[in-house]
Amino acid sequence: MRPGQFIPYYIYRYLRWKSGDRTPLTAVSKVTNKCGLKCDHCPWWKRDIKEASTEDWFRAFENAREMGVIHLILEGGEPTERDDIDDLISYGKDLGMLVMLITNGINDFGEHDPDCYWISLEGFGKTHDKNREKGVFDKIVENIKRNEDVKKIVGLTLNKCNVHQIEKVTSFFSPLTDGIWFNFMYPYKSSKDLALSLSEQEKVAKNIIELKKKKEYNIISSYSYLKAIGKKRRKEKCPSFLTLLIDTDLTLRQGCTVEQLEMCKCEVCNLGCYGELTEAMKLRFDSLKFLKISTGLEDRLLWLR
Ligand code: SF4
Ligand code: SF4
């Protein structure tokens, strides 16, 4: 084994994938269904699945690492609701993985130590609160300001309610965070009325590109992903094998998150993370840069295997 930086490492894995290897890169671990909030549209807190123990999660992380995973995402529900979250983070890091934690931002997240946080937003101010709970937006802003030195990315999932707030969110959070990225809501059966149509998504992506070109804001979504939204991308094959999903009860599935809930309709999907991976599989360097920033990597060395 020898050390390498992200892009050379990725290219090494890319060559393996091109020769038929199907080992995953990222493990999305749903460590809990619990959440301090009870958003109407959220399916996760409504599920009644027993949580796995700390030791069982350790074994699951070891297994993921054995399979080739280098990027561990802890999500929920709200992962900081687990008392052992610090142990889970440390264990993942000790195994040599980059650890990212996806949070709703209402708990004081700075006390934990992942490589990067992703804070999920559903809009600015009252729009966010309407989907979550009154006062939640202010709590997030308070926690972000309190944890100035912590690496954090804000992710806005675009839908009909917040699409008019793109510039507001971007200008407000750019100076407070390490970047903003955009995701387009998938039209799940439970939320399809909220999701933007494909033609709306295409138009919105073009607007984001114009905003990004101004270079005033820290938008980390890549041009490659944004430009691909629309007809062209929908014909492409999604490299969902790059993702290993570990459910709350440790059920394993290699593939896409949509499949955890319902049958996927790739022709209407512009999910941000899979979209960036699709571009990264074409070795688009701006998508690789997105992966690098969003994983909290910077100059950290990775181990080839
Ligand atoms: S904050 Fe996130 S995980 Fe929690 S209930 Fe709302 S959508 Fe679900
Ligand atoms: S639904 Fe989206 S994320 Fe899932 S396999 Fe299809 S394109 Fe990929």
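This is a predicted model: local features need pLDDT of at least 70, side-chain atom pairs count only at pLDDT 80 or more; totals for chains, interfaces and linings use all residues.

1. The shell of ligand 1 consists of C35, L37, K38, C39, C42, W44, W45, G76, G77, E78, N104 and R132. Six of these residues are nonpolar, three are polar and three are charged. The charged class is therefore represented around ligand 1, where Asp, Glu, Lys and Arg are the residues counted as charged. The reader may wish to keep G76 and G77 in mind, as both belong to this shell and both return in the next point.

2. G76 and G77 are joined by a cis peptide bond, with omega at about 20 degrees. Most peptide bonds are trans. As to its place in the chain, G77 lies in the loop between β3 (71-75) and α3.

3. A positive phi. K215 is a residue other than glycine with a positive phi, near 60 degrees. Most residues other than glycine have a negative phi. K215 is found in the loop between α7 and α8 (223-228).

4. Overall form. The protein contains eleven helices and ten strands. Its radius of gyration is 18 Å, close to the 19 Å that the globule rule gives for 305 residues, so the protein is as compact as a globular protein of that length. The C-alpha trace spans about 50 × 40 × 40 Å along the principal axes.

5. Packing of α2 and α3. Helix α2 (residues 54-67) packs with helix α3 (residues 85-94) at an angle of about 25 degrees, and their axes are 10 Å apart. Because angles under 35 degrees count as roughly parallel, α2 is roughly parallel to α3. Their crossing is right-handed. From α2, the contact is made by T54, W57, F58 and F61; from α3, by D87, L88, Y91 and G92. By class, the residues of this contact are five nonpolar, two polar and one charged.

6. Packing of α6 and α7. Helix α6 (residues 166-173) and helix α7 (residues 198-213) have axes 11 Å apart and pack at an angle of about 30 degrees. The crossing of α6 with α7 is right-handed. I166, E167 and T170 of α6 make the contact with N207, I208 and L211 of α7. Three of the residues in this contact are nonpolar, two are polar and one is charged.

7. Packing of α10 and α11. What is the angle at which helix α10 and helix α11 pack? For helix α10 (residues 272-280) and helix α11 (residues 285-294) the angle is about 130 degrees, with the axes 8 Å apart. That makes α10 oblique to α11. The crossing of these two helices is left-handed. On the side of α10 the contact is made by E276, E279 and A280, and on the side of α11 by S287, L288, F290 and L291. The contact of α10 with α11 has four nonpolar, one polar and two charged residues.

Terms used:
Residues are numbered from 1 along each chain as its sequence is written. Chains are lettered from A and ligands numbered from 1 in the order in which they are written. A residue is near a molecule or strand if its C-beta atom, placed from the backbone, lies within 6 Å of it. Axes are lines fitted to C-alpha atoms, for helices over the stretch in contact, and angles run from 0 to 180 degrees between N-to-C directions. Helices (H or I, at least four residues) and strands (E, at least two) are DSSP runs, numbered from the N terminus. Angles under 35 degrees count as roughly parallel, over 145 as roughly antiparallel, 65 to 115 as roughly perpendicular and the rest as oblique. A crossing is left-handed if the near helix is turned anticlockwise from the far one by less than a right angle, and right-handed if clockwise. Two residues are in contact if their C-beta atoms, placed from the backbone, lie within 7 Å. The radius of gyration is taken over C-alpha atoms; the globule rule is 2.2 Å times the number of residues to the power 0.38.
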